[in-house]
Amino acid sequence: MDAVKSFNAELAGLYECKPPISKAKMTAITKGAIRAIKFYKHVVQSVEKFIQKCKTEYKIPGLYVIDSIVRQSRHQFGIEKDVFAPRFAKNILVTFFYLFKCPQEDKSKVIRVLNLWQKNQVFAEEVIQPLFDLADPNHPIQKEVTLQITQKVSKAKTHHPHQATEGPQGTPGQGGGVGSAGGGGGGGVRGSQDGG
């Protein structure tokens, strides 16, 4: 769990930088995420929470963090063994709902990332298309996602009265489930990467 703590510290360090975020900072965050891959669910949740709660000018850096982590993971472990993209995909509609609360002039940057993801097949077409729809504030998907968020919050309050901000993906999956995501082979790859 120390790896998760240091990743969270690295992520929180974004607030000390004024956007745009330097390449060095982005690399440090990405490396932190890869080091904490055993607890990838926690890493993803931290990024999702960051995007939900950060000020509007940090929404785009939050998106770039997702992009950087997923690209590095796919490059390092291969597309089949990447655990980050499928995990980010689980709540991606809600994440992008918050991402589109970025300043108006930044929305084109969100679209640019989506276009790249589509071109490089980072996420399936059925995952990406609704994200493009979210760019339109009048699209019916806005109501759907708002409803989804409201239901999650009320569910969280009934299940965890003291953790209303935790969200439904709070504690149950404590990140031990890497076995399904490439098993023993992943450890060796990570070990060889520590030197760099």
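Modeller: Rings of Phe, Tyr and Trp (its six-membered ring) pair if their centres lie within 6.5 Å; planes under 30 degrees apart are stacked, over 60 edge-to-face, the rest tilted. This is a predicted model, so local features need pLDDT of at least 70 and side-chain atom pairs pLDDT 80 or more, while totals for chains, interfaces and linings use all residues. Residues are numbered from 1 along each chain as its sequence is written, and side-chain values use heavy atoms, with hydrogens and water left out.

Colleague: How many aromatic pairs does the structure hold?

Modeller: There are 7 aromatic pairs. Take Y40 and F84: centres 6.4 Å apart, planes at 85 degrees, so edge-to-face.

Colleague: Which helices do Y40 and F84 lie in?

Modeller: Y40 is in helix α3 (residues 40-53) and F84 in helix α5 (residues 84-90). The pair therefore ties together parts 44 residues apart in sequence. Helices here are DSSP runs (H or I, at least four residues), and strands are E runs of at least two, numbered from the N terminus.

Colleague: Is F84 buried or exposed?

Modeller: F84 is buried, at 0% relative accessible area. Y40 counts as buried too, at 7%. Buried means under 20% relative accessible area, exposed over 50%, partly exposed in between (1.4 Å probe, protein chains only).

Colleague: What about F96 and F100?

Modeller: Their ring centres are 6.3 Å apart and the planes sit at 55 degrees, so that pair is tilted. F96 and F100 are both buried. Together with W117 and F123 they form one aromatic cluster.

Colleague: New topic. What span should helix α4 have?

Modeller: Helix α4 (residues 59-77) has 19 residues and should span 27 Å; its end C-alpha atoms are 27 Å apart, which agrees. The expected span is 1.5 Å times one less than the number of residues. Of the 19 residues in α4, 15 are buried. Just after α4, G78 takes a positive phi of about 90 degrees.

Colleague: Last one. How many disulfides?

Modeller: The count is 0. A disulfide is a pair of cysteine sulfur atoms within 2.5 Å. For C54, the nearest cysteine sulfur is that of C102, 9.9 Å away. C54 is buried at 6% relative accessible area, whereas C17 is partly exposed at 23%.
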